[in-house]
Amino acid sequence: MSTPDHMASWVAVAVVVLATVLVGGFGLRISRTTSDFYVASRTVRPRLNAAAISGEYLSAASFLGVAGLVLVHGPDMLWYPVGYTAGYLVLLVFVAAPLRRSGAYTLPDFAEGRLESRQVRRLVSALVVGAGWLYLVPQLQGAGLTLKILTGAPGWLGDVLVATVVAAAVAAGGMRSITFVQVFQYWLKLTALLVPALFLVLAWQGDGRPRVSFDDQLAVFRADHPLYATYGLIVATFLGTMGLPHVVVRFYTSPNGRDARRTTVAVLALVGLFYLLPPIYGALGRLYTPELRYGGDADAAVLLLPARVIGGLGGDFLGALIAGGAFAAFLSTASGLTMAVAGVITQDVLPSRGVRHFRLATVLAIAVPLAGSLLVSRVPVADAVGMAFAVSASSFCPLLVLGIWWRRLTPPGAVAGLLLGGGSALLAVAITVSGAVRPPGWPHALLAWPAVWSVPVGFLAMILVSLATPGRIPPGTNAAMTRFHLPEALSSARAAVGRER
């Protein structure tokens with residue numbers, strides 16, 4: 001029989017799952033067209049969209065992983081939340097409004113529309129699916145870890161439960177459904193960390209405010225070359241956000257470019273507010289769960305602290321609240337990623353683009369990472385997500401920045417940059433996860449944090465090959481650039497004048 005705290009955690013997880021299904025069902029009621037399924041008919045206003053983006057962006061790495069890294073490695077790991085947040089500033093400056101004005105449904109749509117090349121579209125599609133699956137695996141594994149620790153359930157059960165609920169929510173109502181689900185889940189996640197944090201800090205003060213020390217070092221360091229690893233993390237998180245498939249697709253739901261910018265500013269505030277909390281759990285974990293530093297389960301600190309510090313019925317209640325928030329984190333991010341990957345599979349793999357094929361693509365989009373989560377050994381969630389950021393920064397960042405701001409980009413240049421930048425980062429991540437190259441030494445550091453070299457490779461390859469193929473500049477480049485950079489009203493007026501002439 002389950003112990004009371006296990007029962008409370010089961011109830012919390014069940015409530016979150018039920019609420020997700022019910023809120024998603026509301027979206028199903030108003031999803032009628034293909035545009036509803038893909039981009040919510042481009043009618044999501046900034047405040048609602050910002051909460052939805054924040055809900056899907058704050059993943060297992062944010063909810064559990066940042067605290068675990070701070071616990072093990074100290075304040076140097078605060079670069080993770082800084083990078084995750086600052087990435088939206090880069091996105092705001094370079095990408096948000098022009099991307100919305102492109103009129104695309106997905107990243108492959110943008111690539112084909114800008115470069116007029118099916119080859120580029122197919123390559124971008126493959127990278128979107130690869131990055132999405134890479135990002136989905138730690139979400140599912142984090143769910144398994146959470147359910148195992150808090151309820152004693154088998155490790156695979158959380159993986160399967162999240163995959164099943166996500167597939168049902170996304171297939172039922174598409175973007176309409178998950179928009180409402182992710183808004184609900186953002187506020188749930190914030191509450192689930194904020195309320196226990198207040199009680200934990202009060203308990204720490206009542207305990208005499210013991211000093212949190214980060215002076216002692218582990219026998220195994222964070223990296224053989226910590227400065228290089230830090231720069232690799234900064235480059236990946238600052239530049240990778242703009243190309244994450246589940247983040248990019250949400251900007252297509254804004255009514256216009258101005259609303260896309262407003263959405264990004266609101267996301268900066270909401271994400272920044274959330275990231276004030278995980279470091280508190282990491283610091284308190286040093287005091288009250290020190291054994292996790294050596295056992296490989298540092299991600300569990302957030303889940304265990306209420307019972308360890310407060311105990312009793314209050315600790316059970318706060319632990320159940322955190323369990324619900326953690327599950328919301330897995331569900332919201334997995335929903336956004338599945339939506340993005342399913343959209344690409346529907347448009348570029350399956351023979352038709354209708355709603356029925358979208359639902360089939362949803363099953364395919366979640367089935368492959370589910371198999372990976374059950375078969376691949378667990379990597380700390382923040383590290384695994386950091387690898388997905390590196391792939392995104394090395395491929396989609398050069399494509400978006402140069403595609404939006406540089407007229408001379410050509411299809412051969414884009415292909416070269418995607419293959420050399422994104423392909424090399426993806427290969428480096430695969431080698432790292434497989435364990436074929438182990439620390440210590442530079443080979444492991446270069447492969448585990450590839451963004452330092454793979455991002456410049458991606459940009460340089462696109463620029464140099466484009467300069468070498470000036471005759472391949474797409475004929476519609478000027479029209480595309482005008483559409484990206486002129487406000488919608490001016491762009492429409494200019495098009496109308498052109499038709500009259």
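I looked up Tyr 57 and Tyr 84 and found that both are buried (under 20% relative accessible area, with exposed over 50% and partly exposed in between, for a 1.4 Å probe and protein chains only). I note that this is a predicted model, in which local features need pLDDT of at least 70 and side-chain atom pairs count only at pLDDT 80 or more, while totals for chains, interfaces and linings use all residues. Residues are numbered from 1 along each chain as its sequence is written, and side-chain values use heavy atoms, with hydrogens and water left out.

I then looked up how the rings sit, and Tyr 57 and Tyr 84 form an edge-to-face aromatic pair, 6.4 Å centre to centre with 85° between the planes. For such a pair, ring centres of Phe, Tyr or Trp (its six-membered ring) lie within 6.5 Å, and planes under 30 degrees apart count as stacked, over 60 as edge-to-face and the rest as tilted. Tyr 57 lies in helix α3 (residues 46–57) and Tyr 84 in helix α5 (residues 79–94), so the pair ties together parts that are 27 residues apart in sequence. I take helices as DSSP runs (H or I, at least four residues), numbered from the N terminus.

My next entry is Phe 63 with Phe 274, a tilted pair at 6.5 Å centre to centre and 35° between the planes. This pair links helix α4 (residues 60–73) with helix α12 (residues 257–274), 211 residues apart, and both Phe 63 and Phe 274 are buried.

Technical notes. Helix = DSSP H or I, 4+ residues; strand = E, 2+ residues; numbered from the N terminus.
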